[in-house]
Amino acid sequence: MLLFEECDSQSAKLVLWKNLHFLFFKKRNKMYNKVYVEITNRCNMNCSFCHGHSRPLRQMSMEEFTLILDRLAGHTRYIYYHLMGEPLTHPLLPAFIKLAGERGYKSILTTNGTLLGKRQEMLLASPALHKLNISLHAFEANDLSVPFDEYLSDCFAFGRASDGKKLVV
């Protein structure tokens, strides 16, 4: 897993290099099935099953994401946008997915589904988005003002809109 820590741009490279050290010195020729990248540790929900974190809230910069893609070249084809945060909250997500696609990576995103309606157009227009996973159990683990039927309806609407365009699970 790739995690980032609170740091300025200059020290970000050192932190990321330490996190990726195993790719270059211990398993140089290793090809990974998937690599998880936490582009944000912010989430718009507070799920009971999530252990959370005590790190300062942060979003990955374009410079950091580009560095990660550079370092992962030849080590994976699949970038998974999922760890502690909700990737759909990140304003640079469209640019991240586009850059990953230009570099030959396929993007797989896991979301709690609450922002699918707002981000649907962008997601469906992203050729590098290979698959989108919707964590339906996130709804039951929260006390939301949105009725469950409405939440499911939005998730199903995204699935119907993506039919034949994206793999949705």
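Which residues in α4 meet which residues in α6? I will come to that contact after a few words on the rest. Please keep in mind that this is a predicted model.

On the α4 side the residues are L116, Q120, L123 and L124, and on the α6 side they meet C155, A157, F158 and A161.

How do the two helices lie against each other? The axes of α4 and α6 are 10 Å apart, and the helices pack at an angle of about 15°. Angles under 35 degrees count as roughly parallel, so α4 is roughly parallel to α6. The crossing of α4 past α6 is right-handed.

Staying with α4, which spans residues 116-124, its buried residues are L116, R119, M122, L123 and L124. Note the arginine, R119, in that list. What do these buried residues pack against? The partners are α3, β3 at 106-111, β4 at 129-134, and α6 at 148-161.

The axes of α2 and α3 come within 11 Å and cross at roughly 25°. With that angle, α2 and α3 are therefore roughly parallel to each other. Their crossing is right-handed. From α2, the residues M62, F65, T66 and L69 meet A95, F96, L99 and A100 of α3.

Two names from that contact, F65 and F96, come back in the next part, on the aromatic rings. How many aromatic pairs are there? The count is 3. Take F65 with Y81: this pair is stacked, at 6.0 Å centre to centre and with 25° between the planes. F65 sits in helix α2, residues 62-72, while Y81 is in strand β2, residues 78-81, so to speak of the chain, they are 16 residues apart and the pair links distant parts of it. F65 counts as buried because its relative accessibility is 0%. Y81 counts as buried too, at 1% relative accessibility.

Now F65 with F96. Their ring centres are 4.2 Å apart and the planes stand at 15°, so this pair is stacked. Again the pair links distant parts of the chain, with F65 in helix α2 and F96 in helix α3, residues 93-102, which puts them 31 residues apart. F96 has 0% relative accessibility and therefore counts as buried. Taken together, ring pairs join F65, Y81 and F96 into a cluster.

K34 lies over the face of Y80, at 5.2 Å from the ring centre.

Last, a loop residue. Where is S135 found? S135 is in the loop between β4 and α5, the latter being residues 137-140. Is S135 buried or exposed? Its relative accessibility is 13%, and the cut-off for buried is under 20%, so S135 counts as buried. Which residues is S135 in contact with, leaving aside its neighbours within four places in sequence? They are T111, N112 and Y151.

To go back over the main points: α4 is roughly parallel to α6, α2 and α3 are roughly parallel to each other, and F65, Y81 and F96 form a cluster linked by ring pairs. That is all from me.

Note on methods: Residues numbered from 1 in each chain as written. Predicted model: local features only at pLDDT ≥ 70, side-chain atom pairs only at ≥ 80, totals over all residues. Heavy atoms only, no water. Phe/Tyr/Trp six-rings, centres within 6.5 Å; stacked < 30°, edge-to-face > 60°. Helix = DSSP H or I, 4+ residues; strand = E, 2+ residues; numbered from the N terminus. Buried < 20%, exposed > 50% of the residue type's maximum accessible area, 1.4 Å probe, protein only. Lys NZ or Arg CZ within 6 Å of the ring centre and 35° of its normal. Axes fitted to C-alpha atoms, helices over the stretch in contact; angles between N-to-C directions. Parallel < 35°, antiparallel > 145°, perpendicular 65-115°, else oblique. Left-handed = near helix turned anticlockwise from the far one by under 90°. Contact = heavy atoms within 4.5 Å.
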